[in-house]
Amino acid sequence: MTDIRCIGICTGGGDAPGLNAVIRAAVKSAILKYKWKVIGIPDGFDGLIWPERSRQLTLADVSGILPRGGTILGTTNRGNPFHYKTIENGEEVVRDISDQVIANARALGIDAIITIGGDGSQKIGLDLGVPKTIDNDLCATDVTFGFDSALQTATDAIDKIHTTAESHHRVMAVEVMGRDAGWIAIEAGIAGGAHVILIPEIPFSVQKICNYVAAREGYGKHFTIIVIAEGVPLPPELRQLSRGGSVAMLVGDAISLCAHKEVRVSVLGHIQRGGSPSPCDRVLGTRFGAKATELIANHDFGKMVCLRGESVMGVDIAEAVGHLKLVDPNGELVATARAMGICFGD
Ligand code: F6P
């Protein structure tokens, strides 16, 4: 077993609040506990494709970054070394440059790499993965860091929408992130007291929502808050109108026509990915970063750190990726929401 002397660390895919907490924890424990050198790999794996861009991280580099949003290393959704796209003779070609990436890592003296990323980045991960996504849709972990902060942002927005919706007697729709899974929508919707929640896991019809809006009017509630996950499956009549933009705009227009109510739409977008991580995400990120270095110290490679119950542990990356954790339409969370009178449009 060769001794570890130097580790690399990179962030890949969309950013999430708490990335800097993981970087800080990994760098601190690597240097203070294990006496390793740490190389910061910028912009996903770009710093291994162009190794001259990578540089050593010191304690000074991670000082003060715990509450900071984003990632000090930068990130990218592109640059998968196994499917690397380049332009050659004016044509796009896809190459596997993973051997070159590994050779560059070795040339930098790196013995193991911590990849902080979502499902896509974990598949590319070389040694040790730390899961990240605000969508909270990775199966292997109870929760991903970044989700709690995104939930806070979305809930704050719904609280603000609530007062203006009530004052103006309007239907107000809030579109939140969640490409495949409706975790942010359902949890922020419940937390913010939404009346309708539309999630990718439950097909909806505009008519059902309009009936619900009319029922509320009937008992004196002249406003309705609708939270919509960006990945909801559109009903056929809306699908043909879609130009690939905001789904909430389409749904809002359709409700306005059939419910004869004024509708306003707010699309939260990347606001949910920005800003300072919540205390929960700072703690989870710190635990994940420290655990990643511990696994490396034990030569426990090919693992992704995860939270299971109260414990942070390592699971095989191969087992961890590729299965999305979706909201169960028949589960307790949806049942609780329904018990609160929340309509899912079904
Ligand atoms: O996967 C996280 C996520 O925030 C999704 O909810 C969203 O659809 C996507 O990333 C947006 O990615 P981009 O930053 O590339 O637009």
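Q: Are Phe 145 and Phe 288 buried or exposed?
A: In this predicted model, local features need pLDDT of at least 70 and side-chain atom pairs count only at pLDDT 80 or more, whereas totals for chains, interfaces and linings use all residues. Residues are numbered from 1 along each chain as its sequence is written, and side-chain values use heavy atoms, with hydrogens and water left out. If buried is taken as under 20% relative accessible area, exposed as over 50% and partly exposed as in between (1.4 Å probe, protein chains only), then Phe 145 and Phe 288 are both buried.

Q: What is the angle between the ring planes of Tyr 34 and Trp 36?
A: A search of the whole structure finds 2 aromatic pairs, where rings of Phe, Tyr and Trp (its six-membered ring) pair if their centres lie within 6.5 Å, planes under 30 degrees apart being stacked, over 60 edge-to-face and the rest tilted. Tyr 34 and Trp 36 form a stacked pair with 4.6 Å centre to centre, and the angle between the planes is 15°.

Q: How many residues apart in sequence are the parts that the pair of Phe 145 and Phe 288 ties together?
A: Phe 145 and Phe 288, by contrast, form an edge-to-face pair, 6.4 Å centre to centre and with 70° between the planes. Helices (H or I, at least four residues) and strands (E, at least two) are DSSP runs numbered from the N terminus. Because Phe 145 lies in the loop between β7 (128–131) and α5, while Phe 288 belongs to helix α10, the pair ties together parts whose separation in residues is 143.

Q: Which strands are the edges of the open sheet of 4 strands?
A: Two strands pair if DSSP finds at least two bridges between them, and the 4 strands of this sheet, paired in parallel, follow the order β9-β10-β8-β11. The strands that pair on one side only, and hence form its edges, are β9 and β11.

Q: How many of the 6 residues of strand β6 are buried?
A: From β6, Ala 112, Ile 114 and Ile 116 point one way, whereas Ile 113, Thr 115 and Gly 117 point the other way, and all are buried. Strand β6 (residues 112–117) is therefore largely enclosed by the rest of the structure, the number of its buried residues being 6 of the 6.

Q: Which residue of β6 is the bridge partner of Gly 8?
A: Strand β1 (residues 6–11) pairs with β6 in the parallel sense over 5 bridges, and β6 also pairs with β7 in the parallel sense, over 4 bridges. In the latter pairing Thr 115 stands opposite Gly 129, whereas the bridge partner of Gly 8 is Ile 113.

Q: What distance separates the C-alpha atoms of Gly 302 and Gly 314?
A: Gly 302 is found in the loop between α10 (279–297) and β12 (303–308), and it counts as partly exposed because its relative accessibility is 31%. Gly 314 lies 12 residues from Gly 302 along the chain, and their C-alpha atoms are separated by 9.1 Å.
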